Amino acid sequence: MAGPAGATGAAGGTGATGGTGPTGATGATGTATLPSRGYFAASSATPTTVAGGSNVTFQTASGTLNLSFSMPGSQITVQNAGVYRLAYGVVYSSSVLSTLVVRVNGVDLPIGLLNVVVDANGEVSTEIITPLSAGDVLTLGVNGTSVTLTTIGVGAYLSIVQVG
């Protein structure tokens with residue numbers, strides 16, 4: 001016959017760390033799409049009048065990425081679909097009841113109408129957030145009568161930044 005079990009002994013020390021396991025499989029390569037952006041400006045040493053129903057012609061572009069544009073020109077093509085911040089304005093030396101508007105594929109964006117009042121020497125600007133599709137063509141237009149752009153500095157501009 002066996003006697004009663006004895007008390008449990010003290011725990012031993014921690015054992016040595018085991019070896020490193022095998023490396024896992026490499027994941028799929030992601031796509032890196034940089035946000036689109038660009039700044040377009042109309043400036044001239046001589047007065048430039050943009051007639052009602054016409055688009056502003058831009059002479060300069062800077063910081064452009066994923067936007068197509070030929071200088072001088074009025075059409076800017078978006079290459080990436082997404083949500084965009086469009087900031088635009090005009091500095092004018094004369095205007096009579098005109099409206100500055102961003103057009104997408106030739107259609108006025110109703111949220112982007114900016115009234116230019118009867119005045120000599122003024123400036124108006126605004127910005128909007130709007131979704132755009134790849135291939136959309138943007139223009140900055142004038143509705144109503146006409147706007148004569150200033151000859152000092154930038155007469156009109158359109159800044160485009162993809163935000164989403």
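Colleague: Where is the place of N66?
Modeller: N66 sits in the loop between β3 (60–65) and β4; strands are DSSP runs of E of at least two residues, numbered from the N terminus. This is a predicted model, in which local features need pLDDT of at least 70, side-chain atom pairs count only at pLDDT 80 or more, and totals for chains, interfaces and linings use all residues. Residues are numbered from 1 along each chain as its sequence is written, and side-chain values use heavy atoms, with hydrogens and water left out.

Colleague: What is phi of N66?
Modeller: Phi of N66 is near 60 degrees, a positive value in a residue other than glycine.

Colleague: And what about phi of N105?
Modeller: N105, which is not a glycine, has a positive phi of about 55 degrees. N105 belongs to the loop between β7 (98–104) and β8 (107–108).

Colleague: Moving on, which peptide bond is cis?
Modeller: The bond from M71 to P72 is cis, with omega near -20 degrees. P72 lies in the loop between β4 (67–68) and β5 (76–78).

Colleague: Now D136: where is its place?
Modeller: D136 is in the loop between β10 (122–132) and β11 (137–144).

Colleague: What does D136 touch?
Modeller: Leaving aside residues up to four places away in sequence, D136 touches I76, T77, V78, V104 and N105, where contact means heavy atoms within 4.5 Å.

Colleague: Which backbone nitrogen lies 2.8 Å from a polar atom of the D136 side chain?
Modeller: That backbone nitrogen belongs to S133.

Note on methods: Helices (H or I, at least four residues) and strands (E, at least two) are DSSP runs, numbered from the N terminus. A polar contact is a pair of N or O atoms within 3.5 Å; within protein, one must be able to donate a hydrogen and the other to accept it, and residues adjacent in sequence count only if both atoms are side-chain atoms.
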